[in-house]
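Here is a short briefing on one protein chain. Look over the sequence and the model, then read the points below.

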Amino acid sequence: VQLLESGGGLVQAGGSLRLSCYAFGGSFSIKSMGWYRQAPGKQRELVAAATTGGGSTNYADSVKGRFTISRDNAKDTMYLQMNSLKPEDTARYYCKADLATPRHPYGMDYWGKGTLVTVSS
């Protein structure tokens with residue numbers, strides 16, 4: 001099973017981007033999912049996370065009210081809608097999913113390789 005992010009790019013401050021994370025390559029069910037980011041010289045940090053079904057979500061204080069995590073089960077795709085972007089949002093964004101598979105029925109974390117978001121001032 002692999003995760004593939006897309007949707008990153010260069011945007012001006014105040015603009016919007018929607019990141020996508022597509023899970024593929026085997027039989028799985030998504031237990032939970034999340035988006036993380038890592039800026040140059042900084043540690044990777046949690047941006048947003050959601051439990052199965054999206055019933056419970058949490059966001060980093062720095063993105064509350066601006067970012068929204070969601071999922072399309074039919075497409076095995078997770079999204080991060082990012083509005084009112086700021087230069088400090090510049091980072092490489094990674095999706096992570098806790099997936100239950102036949103080999104790991106209790107779940108296992110999978111990571112994508114990331115997509116770069118650059119916000120200009």
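**Nonpolar core**

In this predicted model, the largest nonpolar core holds 31 residues. Those with the most contacts inside this core are Trp35, Val47, Phe67, Ile69, Leu80, Met82 and Tyr93.

- Two or more residues of this core come from each of β3, β4, β5 (45-51), β7 (67-72), β8 (77-82), β9 and β11 (115-120).
- Strand β9 provides the largest share of this core, five residues.
- In soluble globular proteins, nonpolar side chains tend to be buried together.
- Ile69 touches Met33, Gly34, Trp35, Ala48, Ala49, Ala50, Thr57, Tyr59, Tyr79 and Leu80, with residues up to four places away in sequence left out of the list.

**The disulfide**

- How many disulfides does a search of the whole structure find? The search finds one.
- This disulfide joins Cys21 to Cys95, with an S to S distance of 1.9 Å.
- The pair links distant parts of the chain, since Cys21 is in strand β3 (residues 17-24) and Cys95 is in strand β9 (residues 91-100), 74 residues apart.
- The torsion about the S-S bond of Cys21 and Cys95 is about 50°, so the disulfide is right-handed.
- Both Cys21 and Cys95 are buried.

**A buried charged residue: Glu5**

- Glu5 is found in strand β1 (residues 2-6).
- Glu5 is buried but has no salt bridge.
- Which side chain of opposite charge is nearest to Glu5, and how far away is it? The nearest is Arg92, 6.7 Å away, whereas a salt bridge needs a side-chain nitrogen of Lys or Arg within 4 Å of a carboxyl oxygen of Asp or Glu.
- A polar atom of the Glu5 side chain lies 2.9 Å from the backbone nitrogen of Cys95.
- A polar atom of the Glu5 side chain also lies 3.1 Å from the backbone nitrogen of Lys113.

**Phe28 in a loop**

- Phe28 sits in the loop between β3 and β4 (29-38).
- Is Phe28 buried or exposed? Its relative accessibility is 18%, so Phe28 counts as buried, the cut-off being under 20%.
- Phe28 and Leu99 are 71 residues apart along the chain, and their C-alpha atoms are separated by 6.0 Å.
- Leaving aside neighbours within four places in sequence, Phe28 is in contact with Val1, Ala23, Asp76, Leu99, Ala100 and Thr101.

Definitions and conventions
Residues numbered from 1 in each chain as written. Predicted model: local features only at pLDDT ≥ 70, side-chain atom pairs only at ≥ 80, totals over all residues. Heavy atoms only, no water. Disulfide = S-S within 2.5 Å. Helix = DSSP H or I, 4+ residues; strand = E, 2+ residues; numbered from the N terminus. Buried < 20%, exposed > 50% of the residue type's maximum accessible area, 1.4 Å probe, protein only. Lys, Arg positive; Asp, Glu negative; His and termini not counted. Polar contact = N/O pair within 3.5 Å; in protein donor to acceptor, adjacent residues only side chain to side chain. Contact = heavy atoms within 4.5 Å. Core = buried A, V, L, I, M, F, W, Y, C linked by side-chain atoms within 4.5 Å.
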